[in-house]
Amino acid sequence: MIYLDNCATTKPKDSVVRAVSRALAEDFSNPSSLHSFGFRVDREKEAIRKQICAYFGCREGKLYFTSGGTESNNTALDAYVSGASLGDKNVVTTNIEHPSVLNVLRNKEIELREVAVDASGHIPFEVLDRAIDENTIALSLFHVNNELGSINPVEEWVPRLKAAHPALKVHIDGVQAVGKLAIDFDAIGCDSYSFSGHKFHGPKGIGGILLRRDIAPLIRGGGQEMGFRSGTENIPGIYGLGAAFRALEEEGIRKEEAEARVRLLRSLLEEIPEIRINTTEPASPYILNVSIPDTRGEVLLHILEGREIYISTSSACSSHRTGKNPVLTALGLTDREAEGTIRICMSRETTEEELRIFAAALAEAVDEVRSIVRR
């Protein structure tokens, strides 16, 4: 099997599986219980929280565990925007954010300014800066785009924007960045940063939000997570998340290896006639989005699936939508190009041999589909 759908989810590391199993089989106590068994689990949970904060360079804020990126994004944006619909206030974001950002903001009774990316899938800082004024209460930006891999240099932009607009709340969706880029929460200077464990070889159903200052909780109840997120803590998920971060600490970012892989993949795919590579620098070296005219992405996906090669046509969170893909529309792709668009997402475990096999199989699939379409 060759798995190239790592933006949708990644395979948990063996150490993560062992950590989850230990929580289920041994440390199954409720960390809120008052007996020593509960105290032991609670101490482990807090040690993992401290470990993750250190990984992010988070000395001036707090980490709260959530179910993942969607909940973290929802919680931050609800807190920043709710009750702010009076007057002429506005919120700024981009037109290619994740649905867990756009679908929240588009349902608020407040002016939403969606900054359009250029044909390369990037936002010029000057354009973003012009969209923000004295009435802007919040800005939400992706760190790495989930479909194109485009990078927003938030460590450069956020301090400049904060200096010009001290009251501005800035949320960064970091779901596709963790494990791929070096991240320093305090250096970025944002108010909140979200992540999800299953995007970097951790378990599903666990993630977190880093907060500069406390905000209103989205989930209320018994007061767990220091009153921020009520409900019995997901200890198996937290143990697995801790193991995933330990693996990141041990392995490092390994940026050079990832860049070498994506260069190889680009060179292999450029041999396919008329292919358009939609991912342009600066971009994550783990994501490559391409369009192949006179094919259909879904048909290519299923042909490759028959060879146990797995890719995607769009983000898993939006694969059931109908109509045009808004990210591809934002790039200005023609219908002919958009129909033949696929996304290849690598992990640090992807090998060069796997990429060579995939590229050869894709070229054959393209020839097969075009032989029918072009009759």
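## Basis

The model is predicted, and local features need pLDDT of at least 70, side-chain atom pairs count only at pLDDT 80 or more, and totals for chains, interfaces and linings use all residues. Residues are numbered from 1 along each chain as its sequence is written, and side-chain values use heavy atoms, with hydrogens and water left out.

## Domains

## Interface

Contact (heavy atoms within 4.5 Å) links 23 residues of domain 1 with 25 residues of domain 2. The size of an interface is often given as the accessible area lost when the parts come together. Here the buried area (accessible area lost, 1.4 Å probe, summed over both parts) is about 2000 Å², with 55% of it from carbon and sulfur atoms. Glu147, Leu148 and Glu251 give 34% of what domain 1 buries against domain 2, more than any other three residues.

Between the domains there are 2 salt bridges, each a side-chain nitrogen of Lys or Arg within 4 Å of a carboxyl oxygen of Asp or Glu. The side chains of glutamate 251 and arginine 254 form a salt bridge with an N to O distance of 3.6 Å.

## Cavities

A cavity is a set of points on a 1 Å grid over the protein atoms alone where a 1.4 Å probe fits but cannot get out; lining residues have an atom within 4 Å of a point. Grid points are joined across faces, edges and corners, and volume is the space filled by probe spheres set on the points. The whole structure has 3 cavities of 30 Å³ or more.

The largest cavity has a volume of about 70 Å³. It is lined by 13 residues, of which Lys180, Lys199, Phe200, His201 and Arg348 are the closest to its centre. Both domain 1 and domain 2 give residues to this lining, so the largest cavity lies between them.

Technical notes: Buried area is the accessible area (1.4 Å probe) that two parts lose on being put together, summed over both. On a 1 Å grid over the protein atoms alone, a cavity is a set of points where a 1.4 Å probe fits but cannot get out, and a pocket is an open set with protein on both sides within 12 Å along at least five of seven lines; lining residues have an atom within 4 Å of a point. Domain bounds come from an automatic or database domain assignment.
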